[in-house]
Amino acid sequence: MDRSAFPFRLYLVISEATCHGKDFVAVCEAAIQGGVDLVQLREKDIDTPEFLIKAFRLQEMLARYDVPLIINDNLEVAKQSSAYGIHVGNNDLPPIKIRSGWEACKLLGYSVEYKKQVFNQQTVAADYLGISPVFKTLTKQDTVTEWGLKGIRDLRLATDKPLVAIGNMNVSNAYEVIKAGANCIAVVSAICRAANPAEAAYEIRNQIEKAV
């Protein structure tokens with residue numbers, strides 16, 4: 001997939017919990033103003049009706065900026081909120097089933113935790129691969145491989161799928177990660193917990209653009 005098919009560079013993964021008491025929609029809006037161009041709503045610990053309410057709130061704001069919404073691992077919420085796409089991992093609904101159950105999906109992401117996954121049929125069905133985690137993080141501890149820069153380089157040689165790097169991504173490592181072969185940086189804490197989310201997003205985006 002070429003850049004015109006996957007134009008995204010800075011991907012915010014957000015939940016109410018990661019914003020530590022701040023309104024998650026306001027944090028997300030500030031991040032967009034700073035340079036975020038794709039947003040994933042990740043809510044693992046709430047039921048579908050509550051998740052859907054949050055998705056609708058977020059969609060209302062995102063529509064003003066024409067920024068796509070990705071839903072994490074809840075096909076019902078993704079479909080009912082008219083999300084742009086969905087992101088799943090190894091223990092979630094498989095990409096092949098999502099393709100058959102949601103023809104309107106415009107962007108399907110799949111987390112890759114070990115190299116042999118690159119060659120399976122689920123990966124073939126995905127539009128982009130989430131490289132999780134590049135560096136270990138407290139945000140997500142149920143992962144297998146810490147990829148590092150070498151891991152990104154290896155994956156870049158193994159696939160032409162867009163690679164989205166996630167896991168302790170911040171302004172200090174975004175440049176090197178893009179240079180190693182990632183197409184996009186996914187950020188959680190470095191933006192959600194920042195005193196100024198717009199400024200944090202701007203600084204990370206600036207490093208990405210320098211590396212492109």
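How many aromatic pairs does the structure hold? Hi everyone, that is where I'd like to start today. The answer is 4 aromatic pairs, and please keep in mind that we are looking at a predicted model.

Let me show you one of them. Phenylalanine 6 and phenylalanine 8 sit edge-to-face, at 5.3 Å centre to centre and with 85° between the planes. Phenylalanine 6 is buried, with a relative accessible area of 3%, and phenylalanine 8 is buried too, at 8%.

Now for another pair, tyrosine 11 with tyrosine 128. Their ring centres are 6.1 Å apart and the planes meet at 70°, so this pair is edge-to-face. What I like here is that the pair links distant parts of the chain. Tyrosine 11 belongs to strand 1, residues 10-14, while tyrosine 128 belongs to strand 6, residues 128-131, and the two tyrosines are 117 residues apart. Both of these tyrosines are buried. If you follow the ring pairs, they link Phe6, Phe8, Tyr11, Tyr84 and Tyr128 into a cluster.

Let's move on to helix 6, which spans residues 148-158. Which of its residues are buried? They are Gly148, Leu149, Gly151, Ile152 and Leu155. These residues cover an arc of only 160° around the axis, so they lie on the same side of helix 6.

Key. Residues are numbered from 1 along each chain as its sequence is written. This is a predicted model: local features need pLDDT of at least 70, side-chain atom pairs count only at pLDDT 80 or more; totals for chains, interfaces and linings use all residues. Side-chain values use heavy atoms; hydrogens and water are left out. Rings of Phe, Tyr and Trp (its six-membered ring) pair if their centres lie within 6.5 Å; planes under 30 degrees apart count as stacked, over 60 as edge-to-face and the rest as tilted. Buried means under 20% relative accessible area, exposed over 50%, partly exposed in between (1.4 Å probe, protein chains only). Helices (H or I, at least four residues) and strands (E, at least two) are DSSP runs, numbered from the N terminus. The arc is that of the directions from the helix axis to the C-beta atoms.
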